[in-house]
Amino acid sequence: MKNATLFKKNDIVTVTIEDIGSDGEGIGKVDGFALFVKDAVVGDVVEARIVKPQKNFAYARLEKVLTPSPFRVEPKCAFHRQCGGCQLQTLSYEKQLEFKQNKIRNNLIRIGGFDAAEVDAKMEPIVGMEEPFCYRNKALYPMGADKEGTPIAGFYAGRTHSIIANTKCHLGVSENETVLVAVLDYMKENRVTSYEEATHQGLVRHVLIRKGFTSGELMVCLVVNGEKLPAEEKLVERLIGIAGMTSISLNVNKEKTNVIMGKKVRTLWGKDTITDSIHVRDMSKEGFPRTGRSLQFHISPLSFYQVNPEQTEKLYSLALEYAGLSGQETVWDLYCGIGTISLFLAGDAKKVCGVEIVPAAIADAKENALRNGIKNAEFFVGKAEEVLPAFYEGKATEKAVEVGRVGDSDMRHPDVIVVDPPRKGCDDACLQTMLQMAPEKIVYVSCDSATLARDLKILCDGGYELQKIRGVDQFGQTVHVETVCLLSNQK
Ligand code: SAH
């Protein structure tokens with residue numbers, strides 16, 4: 001192997017890309033020295049420019065594709081290299097799925113310490129998307145201005161806050177572009193300015209668009225650095241003609257902050273919320289057909305809601321299938337958000353308790369339970385790592401009082417615990433209490449297979465055994481993947 005001085009910044013090298021890194025970059029080797037080449041596709045032979053030489057490897061940039069990979073496809077979006085949103089648009093969807101399956105597998109082996117043969121025996125084939133574009137039900141466009149000061153809508157250029165004009169994102173629905181053009185026309189006609197971060201001047205910060213895929217209902221919410229917009233009726237006039245338009249609102253955000261939405265929403269026209277349904281699917285059948293059971297949700301501009309409704313149905317149905325409920329079980333759903341998984345589970349369980357840190361999400365969860373006539377679900381605000389131990393220990397702590405019937409023995413030793421934590425995974429205090437509660441089954445839904453693997457190791461060291469694992473692709477063209485695991489208690 002040659003030493004680190006082999007490469008200098010701006011050197012051009014020829015390299016064959018043999019692997020895909022966790023951020024989607026191509027990985028190749030030159031004389032045993034690894035190169036991480038952004039935008040290169042596995043199977044390509046490329047010319048790359050060294051941008052950042054390190055001791056044992058270097059970051060490089062794609063200069064020229066010499067021999068294209070058989071897995072290379074024409075990207076749909078002209079901005080795929082500049083925009084931080086997609087990382088895998090030039091890789092065939094089939095190969096994207098293989099990459100995600102391997103990512104989960106490798107993390108379980110490397111971080112989780114599982115045997116490769118065990119993982120291979122227990123891992124089911126990843127659930128891919130039928131159409132890996134136009135799948136997002138939510139779009140959030142930052143607003144800016146071009147050199148002449150004319151308002152533009154677009155996206156932030158990778159790792160910056162400068163906006164590149166583009167009204168068509170191929171991951172979103174076609175209505176997004178129609179809405180953005182209408183908003184921009186309204187702004188130009190009425191001399192409404194875009195917000196400028198540097199000076200904290202200007203009005204429109206973001207445009208949020210949401211679509212209920214089952215209802216066809218459309219929501220538009222303008223995030224504004226102020227209480228109102230000039231000639232609001234002109235904005236409404238331009239938007240109400242768009243098919244499906246149901247709710248037009250304004251969100252007030254006058255803070256100097258990176259947080260996108262403010263707390264206050266004022267409806268300008270139509271309803272405060274849109275509706276969407278999530279259907280249960282039969283995950284054991286080809287094509288995962290809907291079973292006829294569904295739940296209805298009302299979504300406000302501030303509600304958290306999964307962005308890929310088609311795949312969310314499959315993800316939740318898989319969690320439900322892994323939970324294997326008969327109607328008699330007691331279940332905890334930790335990190336429950338607006339209670340979507342909890343309400344799915346409640347249909348097949350004796351009782352479900354959801355825990356979630358965001359109070360507004362719990363308010364939505366309670367309303368969603370009422371709306372769907374579900375009476376056997378209860379929801380608690382708090383950190384899972386605080387609520388669960390307080391409940392288990394039955395201490396008269398503030399949290400335990402909040403949780404109510406301290407020591408409810410059914411819920412102290414539930415049959416099933418479902419967790420769906422954010423990327424950082426579960427807190428250790430949460431995992432330890434789960435082990436003490438000793439449910440027969442644990443269903444772990446994860447959006448980061450590295451922290452999933454770390455947490456599974458702890459649960460398996462504590463007496464659980466991995467039964468099944470399955471990836472679900474919720475985010476085609478990106479490197480992200482969801483995973484569902486079933487663990488069973490061996491004690
Ligand atoms: N299961 C839900 C939400 C999953 S996202 C759904 O499918 O819609 C993860 C959720 O965990 C978010 O709603 C987030 O607010 C919540 N969360 C983050 N940290 C938490 C903690 N320490 N305790 C409880 N909930 C937490």
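1. In the hairpin formed by E7 and E8, with 5 residues between the strands, Gly-149 has a positive phi near 90°. Strands here are DSSP runs of E, at least two residues long, and helices are runs of H or I, at least four residues long, both numbered from the N terminus. The model is a predicted one, in which local features need pLDDT of at least 70 and side-chain atom pairs count only at pLDDT 80 or more, while totals for chains, interfaces and linings use all residues. Residues are numbered from 1 along each chain as its sequence is written, and side-chain values use heavy atoms, with hydrogens and water left out.

2. Strand E7 (residues 138-145) runs antiparallel to E8 and is joined to it by 3 bridges; two strands count as paired if DSSP finds at least two bridges between them. Ala-145 has Pro-151 in E8 as its bridge partner. E8 is also joined by 3 bridges to strand E9 (residues 163-165), again antiparallel. There, Gly-154 stands opposite Ala-165 in E9.

3. Is strand E8 enclosed or open? Of the 6 residues of E8 (residues 151-156), 5 are buried, so the strand is largely enclosed by the rest of the structure. Buried means under 20% relative accessible area, exposed means over 50%, and partly exposed lies in between (1.4 Å probe, protein chains only).

4. Another sheet is a closed barrel of 5 strands, in the order E1-E2-E3-E5-E4, with mixed pairing. Its neighbouring strands are turned by 50° against each other on average, direction ignored. The axes behind this angle are lines fitted to C-alpha atoms (for helices, over the stretch in contact), and angles run from 0 to 180 degrees between N-to-C directions. Val-46 stands opposite Val-65 in E5. When reading such strands, recall that in a regular strand the side chains alternate between the two faces of the sheet.

5. His-279 is in strand E14 (residues 274-281). With a relative accessible area of 18%, His-279 is buried. Which residues are in contact with His-279, leaving aside neighbours within four places in sequence? They are Thr-214, Arg-290, Arg-293, Ser-294, Glu-313, Ser-317 and Phe-344, where contact means heavy atoms within 4.5 Å. Lys-351 is 72 residues from His-279 along the chain, and the C-alpha atoms of the two are separated by 21 Å.

6. Ser-294, one of the residues in contact with His-279, is in strand E15 (residues 290-299). Ser-294 counts as partly exposed because its relative accessibility is 37%. Not counting residues up to four places away in sequence, Ser-294 touches Ile-278 and His-279. Its C-alpha atom is separated by 6.4 Å from that of Ser-277, which is 17 residues away along the chain.

7. Ser-342 lies in helix H6 (residues 340-346). At a relative accessible area of 0%, Ser-342 is buried. Apart from neighbours within four places in sequence, Ser-342 is in contact with Asp-333, Cys-336, Val-352, Gly-354 and Phe-379.

8. Helix H11 (residues 428-437) has as its buried residues Cys-430, Leu-431, Thr-433, Met-434, Leu-435 and Met-437. At the start of H11, a side-chain oxygen of Asp-427 comes to within 2.9 Å of the backbone nitrogen of Ala-429. Just after H11, Ala-438 takes a positive phi of about 50°.

9. Asn-10 is not a glycine, yet has a positive phi of about 75°. Asn-10 sits in the segment before strand E1 (12-20), and is partly exposed at 42% relative accessible area. Gln-477, also a residue other than glycine, has a positive phi near 80°. Gln-477 lies in the loop between strand E21 (464-472) and strand E22 (482-489). Is Gln-477 buried or exposed? Gln-477 is buried, with a relative accessible area of 2%.

10. The structure holds 2 cavities of 30 Å³ or more. A cavity is a set of points on a 1 Å grid over the protein atoms alone where a 1.4 Å probe fits but cannot get out, and its lining residues have an atom within 4 Å of a point. The largest cavity has about 40 Å³ of space; grid points are joined across faces, edges and corners, and the volume is the space filled by probe spheres set on the points. The lining of the largest cavity consists of Tyr-141, Thr-167, Lys-168, Cys-169, Val-173, Ser-174, Asn-176 and Glu-177.

Conventions
Polar contact = N/O pair within 3.5 Å; in protein donor to acceptor, adjacent residues only side chain to side chain. 1 Å grid on protein atoms, 1.4 Å probe; cavity = no way out; pocket = protein on both sides within 12 Å on 5 of 7 lines; lining within 4 Å.
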